[in-house]
Every structure is written in C-alpha cells, then in structure tokens.
Amino acid sequence: MTTTAAEEFARRRQSPLQRVQHLLHAHPAISPLIVLFIAFAVFSALNPRFAQPASLSLLLQQVAVIGALAVGQTLIILTAGIDLSVGAVTILAMMVAAKLAEGSGIPGALAVLVAVALGVLAGLVNGALVTRIALPPFIVTLGTLSVFTAIGLLYTSGQSVQADELPALLNWTGESFGAGRWRITWGVILVVLLYLGVGFALANTAWGRHVYAVGDDKEAARLAGIRVDRVLLSVYVVAGAIYGLTAWILIGRAGAASPNAITDANLESITAVVIGGTSLFGGRGALLGTLLGALIVGAFRSGLSLAGVDDQYRVLAVGLLVITAVGVDQWIRRVRA
C-alpha cells in the first residue's frame, strides 16, 4: 500500500505535460495513431478521393512490402541495432527464387522456400558478424548491403524475370479479391498475418521479453542470465526469414522480379519504424506502432500526391516526420517516475 500511495502522490505532482510524457512512454503506439488520424482527416478534406475505398485499397497494397520489411527492421532496432541490408537481402532472395523457377522449372513452393532460406542465411551472416566478431550493426549491414547487392547483380546479370515466366504461386501474392468496395491482395493478408504472428511472439513469449531486455540494457540482461549473443543472433535470423518472405510479396506486388526494385527499402523501413515510435536506442516500441508508421508514410505520399503537391515536397514532409519522431523519442526517454 505504501508503494501505491507513493506512486499516487508522485502522479499528482506531475504537470499535464509530464503526464503526457509518461503516457507516451508506456504506450509508444499512441503518437503514430494520433498522427495517422490527423493525416487521414486533413488529406480527406483536401481531396475526398483520398478516403474512397479504391484509394485506400491501393494505399494498403503500396504499403505492404515496406510494412513487411519493417517487421524485421523493428526486431533489430528493438535490440539497439539497425539493418541497412534489408532491400539487398530481399532482392537477392527474390531474384534467386525467380531465376530458379524460370530456368530450372522448380515448383513455386520450393522457390518460396529458397527465398526464405536465403534470407535466413543472410541474417545468419549479419548476426554472426555482430555477435561473434562484435562489429557494430551499422558497419556490418552497410558492408553486407554492398555484398548482397553485388551477388544479386552478378547472379542475374542485371536481368529481370517477367510474371508470365514464373509459376502461378510466385505471382499469387499480387492477386486480389473483393471485400465489399475494397480490393485486397493476398500479399496484404500475408503482411497482416506476419504482424499478428511476430507481435504475439514479442508480447507473449520469453524470447520477446529477452529481445526487449537486450535492447534496453545488454549488461543488465547478461547479469540476469539472458544469453545476449544468442538472442541477438536469433533476431537477425528471424529478420532474414521475414525479408525472404517479403521477396515473395514483392514479386506479386511488382508483377516481375527485378534487381532494381525497392531501391529505397532500407531508408523507408527505418522511417516506418522510427515514425511508429520504436526507439533507435532499443528496448522500447511495438509492432503496432511500426504498422501505423508504414501507413503514415504511405498516407502522406498518397495524400500529398492527390493534393497536387510536388514530389520533392512529399520527400521533405517525410523527412520532417522522421526528425520530429526522433525528437519526440528523445523527449519520451527522459521520462522520470
């Protein structure tokens, strides 16, 4: 009872701004939810077409690939790391799977498994360099970004594979179905399932708690008996598997396998995670916020486009969002009981 009374006394002494700070610290998804609501209201007022089911259906399809990559990026950033190789890993997995399906005639299901396996292998390489050699994640993934990109280009000779040259299963994620006035692709459904599955693991398993603990304080986690290196390695491997799965979603979305696809995936995935309230310093954040962050980026680009705003100003708006999100995160991390 004494602790409860003390906490209540401390709460009453807080200013309204401090209460907001505590609320945002406890629930990181609130900030992006408010931003998304405001963006939806403003863009709908500027152009009513923005809120129409056809426009929102297209928005979901456009966000699907970056939203999927942001799941893996969130896991790594939660551990106070960062992954600059997400796009390169995804394209490499996509091109190898597509080339094998086109040239060797392997079944679509096996091609998908190859893509996921390549993603796992890439994640294993990144994770091993971070945990075994103790290199900074930024340097590791900056290097493997070039390595994986070069391997993909050498393997494919820079050539694309068209949809009609691929098994039907590889194109399946781009097929859509009607849901009232909405058109939803199976790729979007896979992304939703991905968020639900990984989100459940983070919130309800020992592994998820260990991921947060390692990101918050590695030394404290180690003293608590958590095998920090094993957790970090598992995070990079799981993230790699997600990138491999995203390669399948990307084929369906793009209607082809091209080595020039998603050139801005690295920055866009980080942008979605940061705007979604996940701290770049690790230990705080949630996948719900990441999903909202991806939707915010998509909403800004779609809404500003429908409003007739020049593309350069759209890039400027997203950049300002990122700076604001990091500033808010710094403020929230200074929270005091």
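Is the crossing of α13 and α14 left-handed or right-handed? The close-up views below come from a predicted model, in which local features need pLDDT of at least 70, side-chain atom pairs count only at pLDDT 80 or more, and totals for chains, interfaces and linings use all residues. Residues are numbered from 1 along each chain as its sequence is written, and side-chain values use heavy atoms, with hydrogens and water left out.

**View 1. Helices α13 and α14 cross in a right-handed way.** A crossing is right-handed if the near helix is turned clockwise from the far one by less than a right angle, and left-handed if anticlockwise. Helix α13 covers residues 265-275 and helix α14 residues 287-306; they pack at an angle of about 115°, with axes 7 Å apart. Axes are lines fitted to C-alpha atoms over the stretch in contact, and angles run from 0 to 180 degrees between N-to-C directions. Helices are DSSP runs (H or I, at least four residues) numbered from the N terminus. Contact (heavy atoms within 4.5 Å) involves residues including Glu268 and Ile275 of α13 and Gly289 and Arg301 of α14.

**View 2. Gly240 lies in helix α12 (residues 228-254).** Gly240 counts as buried, at 1% relative accessibility, because buried means under 20% relative accessible area, exposed over 50%, and partly exposed in between (1.4 Å probe, protein chains only). Leaving aside residues up to four places away in sequence, Gly240 touches Gly119, Val120 and Gly123. Gly240 and Ala51 are 189 residues apart in sequence and 35 Å apart in space, C-alpha to C-alpha.

**View 3. Leu46 is found in helix α3 (residues 30-46).** Leu46 is exposed, with a relative accessible area of 54%.

Notes. Helix = DSSP H or I, 4+ residues; strand = E, 2+ residues; numbered from the N terminus.
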